[in-house]
Amino acid sequence: MAGVRLSDLSHQSPVAISLLSTPGRLLPPADSLSAGNAGPWLEQPSAARGAAEAPLCQTSLQSWCGAPGSSSSNMSFSEARSIVPLLLLLAGSCLLDAAKTPAPSKTTEDAKESTENIPALAEMKYNITIKEFSTKAVVRNITLVQPTVLELLCTLDINPSSDGATIEVTWRMGNTTIRDDNATKDEHQNIWSTQYMAEIKNKTQLGNYTCVFKTKQKAEGRFDVRVPEIGGKSKNLISYEGDSVVMSCNSGKYVPLDWVWYTMNGSEEVVINDTLRPEKYQVSPKNLSITKLKVLDLMEKDEGFYWCEAIFLQLGERRGKASLKVLTYMAPLKPFLAIAAEVIILVALIFSYEVYTKKKEPVAEGEKEFEQTEQLKSEDSNGVENSTARHRKV
């Protein structure tokens, strides 16, 4: 401590000098010093004193300063002045050790308490009543949005041609047998019932739960446990370059934990991040049963498939799908241009035919005149020959 020298405290006991020359030690009570037992107390490690550290510091201060009513409180002014450096050293030592004391770690009891704070699984009860034998199972759909304990009850409400009080029943999940049971008969209602408790905590436990009554004719019921279906409007969208388009998905009356939109980049699915590209995508809202994706400033490369994915608490995901086709403004003109091209070609053909026909007409007329001239000549020659023959006969 600054301003305190061992020579200034030479009139103190050897124990006091030892306290000043040994940092990090706590000052013992005065009675322990007077009894000559300060040595072992001073050598005690600070780690072993951790729990009792604050009380010991307080006791040491009270011992040296003197508790009310004790003989130590009647010390003279010079004695009190000589003990002030020791008290300051004691206070600094207590503060230093208190700062080094580690915080208590989390115990097993604390962990149990935090586990107990987790809400219990919801409980729901569903029943299937089989009233006739059939090759098809009686089906009931169950939609879940959070982990749930399901009480599944199958009731056979027909005469199975059995006089026994029980009927063997097999419970299956998918194609795997999960329980063999005996359906008990209710004598008053003449029905047989079987029950199965299914804890649905994650998506691997979703699926078909089937109860099969082992009777002569087939009788079974099936519970289809799944997350909500995803529906949407405008599954196939068509728009033009430069425009914007809005796609939507909904989960009906069920609210998912979150929505995520995907698109295709080549052969790879890519998450659409509207935060990184607000000028291109807008997603709203994200915490309701409906979500909308708005794609701005459409380009030809935006064409393709889009998926909306609803995420349900611990139970997995469900997807909806939409397709987008982006057209250029020349697209509507293509049919007109095709028709115009056909008309032009037709007109060109007609015109060519007319020109060709007009070119052939003078040739045909010349040939016709030539034939007529030849015919006249032949007729004239025939007339001369005939007249000559007549003269000869005369």
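Tutor: Tyr-209 touches Leu-152, Arg-172, Met-173, Ile-178, Tyr-196, Ala-198, Ile-200, Gly-221, Arg-222, Phe-223 and Val-225, leaving out residues up to four places away in sequence. Contact here means heavy atoms within 4.5 Å. The model is predicted, so local features need pLDDT of at least 70 and side-chain atom pairs count only at pLDDT 80 or more, while totals for chains, interfaces and linings use all residues. Residues are numbered from 1 along each chain as its sequence is written, and side-chain values use heavy atoms, with hydrogens and water left out.

Tyr-209 lies in strand S7, residues 207-213. Strands (E, at least two residues) and helices (H or I, at least four) are DSSP runs, numbered from the N terminus. The relative accessibility of Tyr-209 is 3%, so this residue counts as buried. Buried means under 20% relative accessible area, exposed over 50%, and partly exposed in between, with a 1.4 Å probe and protein chains only.

Glu-309 is in strand S15, residues 304-312, and is buried with a relative accessible area of 10%. Its side chain makes a polar contact with the side chain of Arg-319 at 3.1 Å. A polar contact is a pair of N or O atoms within 3.5 Å; within protein, one must be able to donate a hydrogen and the other to accept it, and residues adjacent in sequence count only if both atoms are side-chain atoms. Beyond four places in sequence, the contacts of Glu-309 include Trp-259 and Tyr-262.

Two strands pair if DSSP finds at least two bridges between them. S15 and S11 belong to an open sheet of five strands in the order S9-S16-S15-S11-S12, with mixed pairing. Its edge strands, S9 (236-240) and S12 (268-271), each pair on one side only.

As for the whole protein, there are seven helices and 16 strands, and 28% of the 394 residues count as buried. Among contacts with a separation of 6 or more, 63% join residues 24 or more positions apart.
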